Amino acid sequence: MKMANSLRGEVLNLYKNLLYLGRDYPKGADYFKRRLKSVFLKNKDVKDPEKIKDLIGRGKFVMKELEALYFLRKYRAMKQRYYSDINKTN
């Protein structure tokens, strides 16, 4: 039972982190929130600790992908802002 409680905390923490990252999602925060909720509800009846750990790992992968997406978008915006003048003069 103790393992299930620790996994529950991990799942809740993952949900909160993904919800926070979803605020800047390109298709909109509402879209991301609906999709996130549906995915978590789809897997709410999973009881096997190994399967739960696999799903947590998948969620962490999605978090890393979102962070990479946001960093790339930020990089592109900064590159466009600071290097657009150089391209126009040549």
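**Exercise 1.** How do the residues of the lining of the largest pocket divide into nonpolar, polar and charged?

*Solution.* This is a predicted model, in which local features need pLDDT of at least 70, side-chain atom pairs count only at pLDDT 80 or more, and totals for chains, interfaces and linings use all residues. Residues are numbered from 1 along each chain as its sequence is written, and side-chain values use heavy atoms, with hydrogens and water left out.

Step 1. A pocket is an open set of points on a 1 Å grid over the protein atoms alone, where a 1.4 Å probe fits, with protein on both sides within 12 Å along at least five of seven lines; lining residues have an atom within 4 Å of a point.

Step 2. The lining of the largest pocket holds 30 residues, with Val 11, Val 39, Phe 40, Leu 41 and Asn 43 nearest the centre.

Step 3. The lining splits into 21 nonpolar, 2 polar and 7 charged residues.

**Exercise 2.** Which elements give two or more residues to the lining of the largest pocket?

*Solution.* Step 1. The protein chain has 3 helices (DSSP runs of H or I, at least four residues) and 0 strands (runs of E, at least two).

Step 2. Helix H1 (2-21), helix H2 (29-42) and helix H3 (49-89) each give two or more residues to this lining.

Step 3. H2 contributes the most, 9 residues.

**Exercise 3.** What percentage of the residues of the protein chain count as buried?

*Solution.* Step 1. Buried means under 20% relative accessible area, with a 1.4 Å probe and protein chains only.

Step 2. Of the 90 residues, 16% count as buried.

How values were computed
Buried < 20%, exposed > 50% of the residue type's maximum accessible area, 1.4 Å probe, protein only. Nonpolar A, V, L, I, M, F, W, Y, C, P; charged D, E, K, R; others polar.
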